[in-house]
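Subject: Structure handover

Dear colleague,

Here is the structure you were waiting for. My notes on it follow below.

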Amino acid sequence: MDIPKLRPIPMTREVVRAFGGLNRAQGAGEWEFSHMENLTSDAYPALAPRKARSLYAAPASPQGLIARDSLCYVDGADFVLGETRIPMGLSVRPEDCPKQLISMGAWVIILPDKRWINTADPSQHGAIEAETAVTGVKVSLCRADGRDYEAYHLGTEAPQSPKGGDLWLDTSATPHQLKQYASETDRWTQVLTTFLRLEAPGISAGFEKLDAVVLRFPQGVLPELNGANLIQDLGEGYIVITGLLPEAVTVAGTVTVSRKMPRVDYVVESGNRLWGCRYGYDEEGEFVNRIYASALGDFRNWNRFQGVSTDSYFANLGTDGPFTGGVNYLGEALFFKENCIHRVWGSYPGEFRVVSIPCRGVEPGSHRSLALVGETLYFKSRSGVCAYDGSQPRLISGKLGSRVYCDAVAGAWNSRLYISMAWEEGRELLVYDTRQDTWHREDDLAVQCFCTHRGSLYAIDEASRNILRLASPGEAVGEPVPWLAVTTPLGLTYTQYITMLLLWEKYLSRVTLRLALKPEGELRLDVQYDESGAWEELAVIRSSDFRSFSVPVLPRRCDSPRLRLRGRGDFRLYSMTKTMEGGSSVTW
């Protein structure tokens, strides 16, 4: 008698031991997650929650962070250096906040206020710009150090019987010439550079030697001295400039002396200079598309042009559109527009040149997204988050799906990029691990700015106005954070199995999770069937000590279930084993 034999139901197992983070894109792997909160790649290849954050300071109105020997920040009108508060009279108008803080040596430059402070000696602080208006200014010929000439002959003809060193101000031609007699050659030689002393109480206040200034005299008075000049020397109540007058003059009206910084959109430090960019009207009402540089080592002077290597610099550009950001990248000043990058090459003004590279640039409103992780620059472009290594930017945010982000703010910590971005439903803080090429979502934290100081990452929370320590080496102290992870649909790639001319329908019969919970931890496991939107609780796990669990999940037969893990406290998800079985079969 023949007894029929049953065909065994085919069964396969697949083990996932490395979890790849967040992936909202189509075609995401089963080792990735479609949604998550407060998870990190710290324990990669295992999945783990982020560390707890801590409060660093609770200022009333924080408007910028910068790292020096201490963590520094702007609080309202004051600058806070560690535990020291320095009143600086900074603007608190909404249009002037938040601030741009730029480090240059021991100085911190605060924009748009155009103020500076010496962090090595906080008693030294002031304004980049200076202006004084005085009346009764006496203008007279002098030596380079401001001393009067003892005597000189004024006239159209040379004096008779001159002695060596005698001076003659020759008025026979225009412009006049100051000449000196040399007895060795019996000739009058022109003094090529002549100087004028401008005397009045308070005229030198706020200025320094070699400051580039603009002089404004009353209309019709000494027009040849109006405009840009260089202070050659100065002292109490006087300044010295280059020029020539036949006789001393006292100006009855008001004379203004001013040192100005150009109106700029973004400023960076590179090569011991400040660099700025401007697309729009400047302080004189002229429309410019320009990159500027201050004098070498002198952030106060942007108009010093002596033909030497320490001069200031500017260059007009031919690209269209406003600037969207600026950064110092590996010793070069980079300025971005939405569709190009401007790189400044060279080490002194005669060698400087600006190279324009057509490519994806920084999105308008995301100038704070520029962050350097290792040797790679990251920023938010119109099409997504990009990485730039000096060649062409490449997109790295494909796993974030179709969400449209804007107003990005980024910071760097170790090998990770922290980026807070706005979208139509709010903001979210995402972390990109550059080593593992993975994204993790933390929460909805809206960050004003980031700053890395002594191995820790700090940020200003826009909602609470607190300065938070987001990441630091070692164990974090604080309450355990709630976490959540939702898998991508499981089993989508296992619809059919073909063997021995039979077509088996295949389904997910069992999922086993290998995980560990720390004391006082809790984990809840839910399942959703076929994108129904409803979650069913499968298991609740609590632990009083550190131990591992193997959690079997027996879902009902469906096309593609999802799992949701949620809880509080530290945990590790080490592996996920999926068992696939064949269902009904048909002859093929």
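Thr12 sits in strand S1, which covers residues 11-16; strands (E, at least two residues) and helices (H or I, at least four) are DSSP runs, numbered from the N terminus. This is a predicted model, in which local features need pLDDT of at least 70 and side-chain atom pairs count only at pLDDT 80 or more, while totals for chains, interfaces and linings use all residues. Residues are numbered from 1 along each chain as its sequence is written, and side-chain values use heavy atoms, with hydrogens and water left out.

Thr12 counts as partly exposed, at 27% relative accessibility; buried means under 20% relative accessible area, exposed over 50%, and partly exposed in between (1.4 Å probe, protein chains only).

Overall fold

The protein has zero helices and 51 strands. Its radius of gyration is 35 Å, well over the 25 Å that the globule rule gives for 588 residues, so the protein is more spread out than a compact globule. That radius is taken over C-alpha atoms, and the rule is 2.2 Å times the number of residues to the power 0.38. Along the principal axes, the C-alpha trace spans about 150 × 50 × 40 Å.

Of the 588 residues, 51% count as buried. The accessible surface comes to about 27,900 Å², and carbon and sulfur atoms hold 48% of that (Shrake-Rupley method, 1.4 Å probe; for residues, only the protein chains shown count as cover). Among contacts with a separation of 6 or more, 59% join residues 24 or more positions apart; contact means heavy atoms within 4.5 Å.

The largest pocket

The largest pocket has a volume of about 1,500 Å³. Of its 45 lining residues, Leu65, Leu101, Ile102, Gly326 and Leu370 are the closest to its centre. A pocket here is an open set of points on a 1 Å grid over the protein atoms alone, where a 1.4 Å probe fits, with protein on both sides within 12 Å along at least five of seven lines; lining residues have an atom within 4 Å of a point. Points are joined across faces, edges and corners, and the volume is the space filled by probe spheres set on them.

Strands that each supply at least two lining residues include S6 (62-67), S10 (100-104) and S29 (323-329). S41 gives the most, with five residues. By class, the lining has 26 nonpolar, ten polar and nine charged residues. Ala, Val, Leu, Ile, Met, Phe, Trp, Tyr, Cys and Pro count as nonpolar, Asp, Glu, Lys and Arg as charged, and the others, Gly among them, as polar.

Individual residues

Ser356 lies in strand S32 (residues 353-358) and is partly exposed, at 38% relative accessible area. Leaving aside residues up to four places away in sequence, Ser356 touches Thr319, Ile341 and His342.

Two cis peptide bonds are on my list. Tyr44 to Pro45 has omega near 15 degrees, with Pro45 in the loop between S3 (39-40) and S4 (48-49). Thr174 to Pro175 has omega near 5 degrees, and Pro175 lies in the loop between S16 (167-170) and S17 (177-182).

Asp437, in the loop between S39 (426-433) and S40 (438-443), has a positive phi near 55 degrees. Arg465, in the loop between S42 (456-461) and S43 (467-471), has a positive phi near 65 degrees.

Regards
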